[in-house]
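This report describes a predicted model of a complex. Please keep the sequence and the structure in view while reading the sections that follow.

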Amino acid sequence: MVGVLLSGLCLTAPVRAQSVAVGQATMIVRSVQGLVDTARRPLAVDDPVFWQELIETGAESASKLVFLDATTLSTGPDSRVRIDEFVYAGSGESRRIVVSIGRGVLRFVTGRSPSSAYSIRTPNAMIGVRGTDFTVSVDDGGATRVLVRNGEVGVTPGSGAPILVPAGLALTVLADGMPETPEPGPADGELQAAAAEVTALLAIAGEGDTAGAFEDEDVTAVGGLRGQAASVRAGTAASQVGAGCGGC
Amino acid sequence: MTDSRHGLAALSGIALAVPALVALLLAGCADAPGTAPGRAPVAGGAPASDAAPVAAPAAAPAAAPGVPLPPGTWRTAYSGKQEIVRGTAERMVLVSESRGVVDRVVLVYRVHLGLRYEFQPRESCRDPSYYHQVINESGGGAGDCWHVRAVNLGLAGEPHWVNLVLAFDAERQDLFLPAVMPGVRFIRYAEGEMLQVDYLWNPDLLLPAPAGAKGARVWEPDDWTNKAVAADPAKQAVMRTLQRWGEDWQARLALPPRS
């Protein structure tokens, strides 16, 4: 449907057209609303999402949006995320996608477009994307946190030069724009928890295609560990949670 | 967690014995993983091994009456009904998979007692190993409850029959099956009817296990004990989400009418 809406339109330059769909919602958990100018609507699965639309998620809520270039944007509880720019180049690629987050948490997985096309704005940093999968949060105090799962991102804090953050590391930019030193992702428990909550909300409570809550890369990576999991099972007694057969 | 790379080889010996074990156990086992041994659900603790199976495995996930399934495609790994001393017991093991990975499992255990029998309170409603537990004293004849916990799918020792079913199914279907699955169990009672349903999720998809010295790892049961969860905010986020899901989902489970 999105493709139909866009057909016949010249989209190589930004167009002031709130009716231009740039993707659609594939998963919605609890309360998610879209706001274009002053028009507010509850978002549902399969609804289109529009250029310059503000996506607001309520408490214990989450959304997963898929853009025309197959980029996925997942938003977590109490988040405000806006699709600032979307320049579609056709053939499933975009020339520019800029998303801003004012509060909350988002997970971004790049699609088919060149990495240079993507940017994420926060109140105190600009994030350039070189890799594929990362989580960004903005807390109530205004600090930005970035956790990279795959690939690499460049974070330009409000104060200072760009900092490359490779996979497995997390970076915090304080509210005043000062960056901290990147550290291993697990060390930032708060951001890890926020990222886990987004994934878990979509996977556990999703009302759409629940299996679609998982990114292809997640499933592929986990599937590759098949033998390891079998080994663990084979060597692990089930007694912790009820070995044997009650009543046998 | 482990770094072992010899999983299939290690499983192969067990796998050879699994079909026979499954056949034997399906004929006699009465409960689902997580229920402590010796806590038979029927009055007087009627041992299910007294009974004979009366139905072969079925194929349709829709065969779980009163049990809503989360969205997605579900496949029946096992379905059976057997007569027990005081009634009948039905069991189902349903699997959801995504691109070669078991992402969710649903276990259904339903008991119908004869008219003369009643259930006794179920001790498994309370357990310190549960992350969260709710007991509805006003519900059912013997106390409804639900809880959030991680289920160990280990095979060593004398594994639970559900563990064997899942392992056998995963090997036959060439699927990744996690070694532990957190989830929510609901136990509902009506007069002469008991419905127990486990909804389990693959934690390796919800939260990647941290890489080890030899690369990627999978979660092990010890990683999801209450103590381990308490030490990890990300695991807490997963369990809290399960808890919230359980709070919402419990109203959807219908108590089956006495038949």
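## Contacts and burial in the two chains

In chain A, 47% of the contacts between residues at least 6 apart in sequence join residues at least 24 apart, and in chain B the corresponding share is 67%. Of the 248 residues of chain A, 54% count as buried, while for chain B, with its 259 residues, the share that counts as buried is 52%.

The secondary structure of chain A comprises four helices and 17 strands, whereas that of chain B comprises five helices and seven strands.

Chain B contains an open sheet of seven strands, with antiparallel pairing, in the order β1-β2-β3-β7-β6-β5-β4. Strands β1 (75–84) and β4 (132–136) of chain B stand at the edges of this sheet, and because each has a single partner strand, one side of each is left without a neighbour in the sheet. On average, and with direction ignored, neighbouring strands of the sheet are turned by 15 degrees against each other.

Within the sheet, strand β6 (residues 180–190) of chain B runs antiparallel to strand β7 (residues 193–201) of chain B, and eight bridges join the two. Taking one position as an example, Val184(B) has Tyr199(B), in β7(B), as its bridge partner. As background, strands of a sheet pair through backbone hydrogen bonds, either parallel or antiparallel.

## A helix packed on the sheet

Which helix packs on the sheet, and which strands does it touch? Helix α5 (residues 233–249) of chain B does so, touching β4, β5 (144–152) and β6 of chain B, and the direction of this helix makes about 25 degrees with that of β6(B).

## Confidence in the prediction

For the complex, the predictor gives an ipTM of 0.82 and a pTM of 0.80. Chain B averages a pLDDT of 75, and 68% of its residues score at least 70.

Two stretches of chain B call for caution. Over residues 1–32 of chain B, pLDDT stays under 50, and the model has 81 contacts beyond four places in sequence for them. Over residues 34–63 of chain B, pLDDT likewise stays under 50, and here the model has 83 such contacts, again beyond four places in sequence. Where pLDDT is low, the predicted coordinates should not be read in detail.

Terms used: Residues numbered from 1 in each chain as written. Chains lettered and ligands numbered in written order. Predicted model: local features only at pLDDT ≥ 70, side-chain atom pairs only at ≥ 80, totals over all residues. Pairing = 2+ DSSP bridges. Axes fitted to C-alpha atoms, helices over the stretch in contact; angles between N-to-C directions. Contact = placed C-beta atoms within 7 Å. Buried ≥ 20, exposed ≤ 12 C-beta atoms within 10 Å, placed from the backbone. pLDDT = per-residue confidence, 0-100.
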